[in-house]
Amino acid sequence: MIEIKDIHKSFGENYVLKGISGLFQDGRNNLIIGGSGSGKTTLLKCMVGLHEPDDGSVLYDGRDFTRLSNQERIEIRKEIGMLFQNSALFDSMTVEDNIMFPLNMFTTQSREEKLERANFCLSRVNLEGKNKLFPSELSGGMKKRVGIARAISMQPKYLFVDEPNSGLDPLTSIVIDELINELTDEYNMTTVVVTHDMNSVMGIGENILFLADGRKEWEGSNKEIAHTNNPKVNDFVFASKFAQAAREKL
Ligand SMILES: Nc1ncnc2c1ncn2[C@@H]1O[C@H](COP(=O)(O)OP(=O)(O)OP(=O)(O)O)[C@@H](O)[C@H]1O
């Protein structure tokens with residue numbers, strides 16, 4: 001479980017996160033949604049230490065990440081898998097080397113052990129045999145899957161994913177969502193996904209935090225979001241005419 005308490009973050013005069021608290025449970029897909037610029041990615045980065053919050057704390061199963069030194073954070077970092085925007089694969093490395101990158105950094109495993117793990121992760125994302133391809137030879141959906149394979153290579157307890165569906169067609173998006181969903185379940189991970197994909201919200205949103213102007217405006221499940229009376233959430237979720245029509249039938 002991850003708990004965030006009263007997270008504040010400014011960039012100069014720009015006060016982005018204005019005191020956000022929340023709980024992210026094990027084995028669940030926790031979604032952070034909200035309009036562009038509401039602070040979703042900033043919150044995710046504060047949680048993993050890519051930004052330092054100005055105030056507040058982030059607790060990984062009770063361990064206060066924000067109060068630890070860089071050296072002390074390494075143990076928690078090893079338990080974190082990340083897939084950030086654009087998959088962030090290393091273009092000059094093969095698929096296999098991309099997946100082994102965290103293992104090279106954080107473990108003393110032999111090359112055979114690392115290869116075995118990379119092959120397992122590749123098969124888990126249905127990309128067996130693609131070891132020697134370079135990122136430039138992959139489709140957007142395949143890149144995401146390689147990114148997921150790399151993110152799970154260390155068998156993380158916590159998985160952070162920023163915009164997994166960006167640039168993907170609707171069907172490929174669903175495949176990626178289902179993969180994240182299955183892996184979360186299988187490894188009982190605490191998964192935190194930033195998204196503005198409404199299919200993801202409805203499909204895998206077991207716990208949803210809705211941010212507006214740097215604050216937590218609403219929290220609930222995908223079942224609850226369709227029936228909330230919160231006007232900001234409604235404006236966001238049912239922005240399109242299609243979504244409004246679908247809502248009539250819910
Ligand atoms: N490194 C940074 N330096 C300065 N300002 C930043 C930085 N990162 C984010 N911001 C600012 O913080 C605000 C929130 O940005 P953030 O990327 O967290 O929003 P978001 O909700 O993820 O948006 P989007 O959905 O468009 O990706 C924006 O005003 C942005 O300009």
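Modeller: Start with β3 and β8: they run parallel, joined by five bridges. Leu31 stands opposite Val193 in β8. Two strands count as paired if DSSP finds at least two bridges between them. Strands (E, at least two residues) and helices (H or I, at least four) are DSSP runs, numbered from the N terminus.

Biologist: Before we go on, what kind of model is this, and how are residues numbered?

Modeller: It is a predicted model: local features need pLDDT of at least 70, side-chain atom pairs count only at pLDDT 80 or more, and totals for chains, interfaces and linings use all residues. Residues are numbered from 1 along each chain as its sequence is written.

Biologist: Which residue is the bridge partner of Leu159 in β8?

Modeller: Thr191. β7 and β8 pair in the parallel sense, over five bridges.

Biologist: Is β8 mostly covered or exposed?

Modeller: Mostly covered: five of its five residues are buried. Buried means 20 or more other C-beta atoms within 10 Å of the residue's own; exposed means 12 or fewer, partly exposed is in between, and C-beta atoms are placed from the backbone. Thr190, Val192 and Val194 point one way, Thr191 and Val193 the other.

Biologist: What's the strand order in the whole sheet?

Modeller: β6-β7-β8-β3-β9-β10, an open sheet of six strands with mixed pairing. β6 (80-83) and β10 (215-220) are the edges; each has a single partner strand, so one side of each is left without a neighbour in the sheet. Neighbouring strands are turned by 15 degrees against each other on average, direction ignored. Axes here are lines fitted to C-alpha atoms, for helices over the stretch in contact; angles between N-to-C directions run from 0 to 180 degrees.

Biologist: And how do β9 and β10 pair?

Modeller: In the antiparallel sense, over five bridges, with β9 covering residues 207-212. Leu209 has Glu219 in β10 as its bridge partner.

Biologist: Which strands does α5 touch?

Modeller: Helix α5 (residues 140-151) touches β6 and β7 (158-162), and its direction makes about 165 degrees with that of β6. Contact means C-beta atoms, placed from the backbone, within 7 Å. Helix α6 (residues 170-186) also packs on the sheet, touching β3 (28-34), β7 and β8 (190-194). The direction of α6 makes about 135 degrees with that of β3.

Biologist: How do the axes of α5 and α6 cross?

Modeller: At roughly 10 degrees, coming within 10 Å. That makes α5 roughly parallel to α6 (under 35 degrees; over 145 is roughly antiparallel, 65 to 115 roughly perpendicular, the rest oblique). Gly141, Lys144 and Ile148 in α5 meet Thr172, Val175, Ile176 and Leu179 in α6.

Biologist: New topic. How is the chain divided into domains?

Modeller: Domain 1 is 2-79 + 158-248 and domain 2 is 91-155. The bounds come from an automatic or database domain assignment. Their centres, over C-alpha atoms, are 25 Å apart. Eleven residues of domain 1 are in contact with ten of domain 2. On the domain 1 side, α6 gives the largest share, five residues.

Biologist: Last one: is Asp162 buried or exposed?

Modeller: Buried, because Asp162 has 20 C-beta neighbours inside 10 Å. Asp162 is in strand β7.

Key: Contact = placed C-beta atoms within 7 Å.
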